[in-house]
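The paragraphs below go through a protein chain and its ligand. They begin at the ligand, turn to the chain as a whole, and end with a few residues.

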Amino acid sequence: MRPIALSPRLLALARQVPQGVRFADVGTDHARLPVWLLEQGVIDHAIATDLREGPLEQARETARRHGLSGRISFRRGNGLAPLGPEEADLCAIAGMGGETIAAILAAAPWAAKGRTRFLLQPMTSAQDLRGWLWRNGFHIESEALSREGEALYVSLTVSPGSMRPLSPTEEWAGRQFRGMGAPLRGLYLERLITRVQGALEGLRRSTRPEDLWRLSEQEALAQGLEEMKKEWDAWQR
Ligand SMILES: C[S@@+](CC[C@H](N)C(=O)[O-])C[C@H]1O[C@@H](n2cnc3c(N)ncnc32)[C@H](O)[C@@H]1O
């Protein structure tokens, strides 16, 4: 059996797992991530959980095929419920919406107090997840972008603790700093600007009174993102 291959999205996530950590993958589905980490010798053992029996059975099957059944503990359950507070040093929650990831963290009060760090990869609503994290006792340590086809994915490394509040623009795009190695960030900012401009066009045509308030909010966001992009471009020269 050849070692498992990861898509660019999952590979970007895997590359952020430090050597030798006690690793858990919540919402593991086919268990590709823990199997890759075990085969590459990054980790010695993993906990793989899923809400549903079907994906968990797929995960067991992947481990069986790769001869790793004895090194993965499979657990069925909602979010962090199958995990003990000190059982993992790093816990991945990937491939779900940002709101679902926030709900999973919110349902486990130990998550904001313990020593477990989290590797989060929201498929949607990254802005809601960032906003929720800084308001609820989590510190976003770093962000990484990956590209698969036309799609861009963001992954956040997060630990319990406070952080300087994010501005609304930073909630959308993440915090940037000079010298941060992020080759896809220019494209990421461009995509966000296009998306917000599209929403603005709709709001400008709208006659609903409640959209008037949303219009000024989105205009401020568009301006904030444009300024961020200008700053980013200036740093690249
Ligand atoms: C799209 S798959 C993502 C698989 C893998 N993590 C990835 O990033 O490729 C989402 C998986 O999360 C599981 N899931 C959804 N909500 C969950 C929850 N609240 N707790 C645990 N697993 C959940 C689903 O059953 C599914 O197997």
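A residue is called near a molecule or strand if one of its heavy atoms lies within 4 Å of it. The shell around the ligand holds 15 residues, and those that come nearest are Arg9, Gly27, Asp50, Asn78 and Gly79. This is a predicted model, in which local features need pLDDT of at least 70 and side-chain atom pairs count only at pLDDT 80 or more, while totals for chains, interfaces and linings use all residues. Residues are numbered from 1 along each chain as its sequence is written, and side-chain values use heavy atoms, with hydrogens and water left out.

Polar contacts are pairs of N or O atoms within 3.5 Å; within protein, one must be able to donate a hydrogen and the other to accept it, and residues adjacent in sequence count only if both atoms are side-chain atoms. A nitrogen atom of the ligand lies 2.8 Å from an N or O atom in the side chain of Asn78. The backbone takes part as well: an N or O atom of the Gly79 backbone is 2.8 Å from a ligand nitrogen atom, and for a backbone N or O atom of Leu51 the distance to a ligand nitrogen atom is 3.2 Å. On its own the ligand exposes 590 Å², and the protein buries 80% of that (accessible areas come from the Shrake-Rupley method with a 1.4 Å probe; for residues, only the protein chains shown count as cover).

Which elements give two or more residues to the shell around the ligand? They are α1 (8-14) and β4 (90-96), and β4 has the largest share, with three residues. Helices (H or I, at least four residues) and strands (E, at least two) are DSSP runs numbered from the N terminus. By residue type, the shell divides into six nonpolar, five polar and four charged. Here Ala, Val, Leu, Ile, Met, Phe, Trp, Tyr, Cys and Pro count as nonpolar, Asp, Glu, Lys and Arg as charged, and the others, Gly among them, as polar.

The protein chain as a whole has eight helices and seven strands. Its C-alpha atoms fill a box of roughly 60 × 40 × 30 Å along the principal axes. Of the 237 residues, 46% count as buried, where buried means under 20% relative accessible area, exposed over 50%, and partly exposed in between (1.4 Å probe, protein chains only). Contact means heavy atoms within 4.5 Å; among contacts between residues at least 6 apart in sequence, 67% join residues at least 24 apart.

Helix α5 (residues 126-135) contains Arg130, which is buried because its relative accessible area is 0%. Beyond four places in sequence, Arg130 touches residues including Ile140, Glu143, Glu171, Trp172 and Tyr188. Its side chain reaches the backbone oxygen of Trp172 at 3.0 Å. The C-alpha atoms of Arg130 and Glu171 are 5.5 Å apart, although 41 residues separate the two in sequence.

Gln127 is also found in α5; at 13% relative accessibility, Gln127 counts as buried. Outside four places in sequence, Gln127 touches Glu171, Trp172 and Arg195.

Thr169 belongs to helix α6 (residues 168-173) and, at 14% relative accessibility, counts as buried. Apart from neighbours within four places in sequence, Thr169 is in contact with Gly174, Leu221, Gly224, Leu225 and Met228.
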